[in-house]
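User: Please go through the ligand site and the aromatic pairs of this model with me.

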Amino acid sequence: MLTRSALIYLSRQEGLKEFATKFPPFKKLTTRFIAGENTEQAVAAIRDINARGASASFDHLNESVSSVAATEDEVREYLHLLELIDETKIDSNVSIKLTQFGLEIDPELAYGNARQIVEDSARRGNFVRIDMEGSNVTEITLDIFRRLRSDFGLNDVGIVLQSYLYRTMDDARELLKIPARIRLCKGAYDEPPKVAYPDKKDVDDNYVRVMKLLLASGTYHGIATHDPKMIDATIDFAQREGIAKDAFEFQMLYGIRRDLQEQLARDGWGMRIYVPYGKHWYPYFMRRLAERPANIWFVLKNFLKG
Ligand SMILES: Cc1cc2nc3c(=O)[nH]c(=O)nc-3n(C[C@H](O)[C@H](O)[C@H](O)COP(=O)(O)OP(=O)(O)OC[C@H]3O[C@@H](n4cnc5c(N)ncnc54)[C@H](O)[C@@H]3O)c2cc1C
């Protein structure tokens with residue numbers, strides 16, 4: 001049986017990535033988690049999500065981009081997306097990864113590229129979320145976020161924290177002082193015990209602790225999880241503390257726990273769906289399988305059914 005670590009390892013293998021993205025049958029497997037390879041397909045998915053009472057966040061899939069020209073393509077893609085959101089009047093913001101904008105080439109390049117997106121988005125009254133990646137880039141990602149946050153307003157740009165990292169409670173306390181809008185998730189990368197809780201129970205306990213801190217802060221945050229235990233704890237806390245349903249939002253990934261997405265939206269909780277699309281889906285797709293290796297059999301079964 002493939003383990004979480006093995007799947008995350010495979011997600012970083014360039015050779016496999018090349019093979020998988022060019023092999024049409026493999027592509028077919030991804031439709032559960034990826035909204036499509038082009039913008040039109042992603043817009044159609046978001047219209048459907050909006051019709052079911054949820055808002056969305058576009059994610060143009062690409063990470064660890066290694067040429068300056070490719071980072072410029074990413075900037076163009078996101079500027080186009082922001083324009084498209086206005087034109088089509090869909091309810092969506094955008095999520096970006098700093099490695100997509102050149103973080104591993106030069107942090108200044110990533111900052112400059114991200115700044116262009118946040119500036120255009122702020123002018124349009126939209127919002128940019130900076131995803132959090134592996135722990136090797138946590139510090140620099142937070143530094144760049146803090147610079148952007150000082151250039152722009154609270155409702156222009158936000159960040160993500162991962163409850164599996166030991167440092168997250170301290171980061172949350174510091175970011176709330178600015179203040180900052182935070183998406184809280186558990187964390188999707190393979191991290192060593194030196195920096196991250198190895199036991200799921202500790203990750204979950206930390207999630208609940210940080211969730212309470214965020215909700216009590218009075219700033220609008222995103223509670224990103226499919227875990228019914230985390231969701232129940234959030235609803236309990238909000239109800240006990242008299243925190244309004246529209247004072248924060250739940251967030252889930254495209255294609256995961258659609259039943260729960262719809263239920264929470266029907267119950268009047270804010271719900272945002274993260275909608276990934278694009279040709280570079282391989283590492284994202286493999287991380288989703290890593291979260292739930294049982295999904296391998298699910299996608300294979302659907303594949304064999306044709
Ligand atoms: C909106 C959003 C944005 C995110 N952004 C980031 C980010 O910037 N950085 C980052 O590191 N991570 C990010 N993540 C991923 C996150 O860190 C987790 O890896 C992922 O959400 C799984 O954790 P969980 O909270 O759902 O709980 P888990 O403990 O993994 O799962 C709880 C339950 O949720 C369901 N479930 C979870 N995953 C799946 C799946 N793949 N398929 C089917 N069912 C599943 C199952 O019922 C499972 O028992 C994001 C997640 C969301 C929802």
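This is a predicted model: local features need pLDDT of at least 70, side-chain atom pairs count only at pLDDT 80 or more; totals for chains, interfaces and linings use all residues.

Residues are numbered from 1 along each chain as its sequence is written, and side-chain values use heavy atoms, with hydrogens and water left out.

User: How many residues surround the ligand?
Analyst: A residue counts as near if one of its heavy atoms lies within 4 Å of the molecule. Gly187, Lys200, Thr225, Glu291 and Asn295 are the closest. The number of residues around the ligand is 24.

User: Which element supplies the largest share of the shell around the ligand?
Analyst: Helices (H or I, at least four residues) and strands (E, at least two) are DSSP runs, numbered from the N terminus. Strands E4 (157-162), E5 (181-185) and E7 (249-253) and helix H12 (282-291) each give at least two shell residues. The largest share, 3 residues, comes from E7.

User: What is the distance from an oxygen atom of the ligand to a polar side-chain atom of Thr225?
Analyst: A polar contact here is a pair of N or O atoms within 3.5 Å. For the side chain of Gln162 the distance to a ligand oxygen is 2.9 Å, and for that of His226 it is 2.8 Å. For Thr225 it is 2.7 Å.

User: Are the rings of Phe58 and Tyr277 stacked or edge-to-face?
Analyst: Rings of Phe, Tyr and Trp (its six-membered ring) pair if their centres lie within 6.5 Å; planes under 30 degrees apart are stacked, over 60 edge-to-face and the rest tilted. The centres of Phe58 and Tyr277 are 5.8 Å apart and the planes are at 70°, so the pair is edge-to-face.

How values were computed. A polar contact is a pair of N or O atoms within 3.5 Å; within protein, one must be able to donate a hydrogen and the other to accept it, and residues adjacent in sequence count only if both atoms are side-chain atoms.
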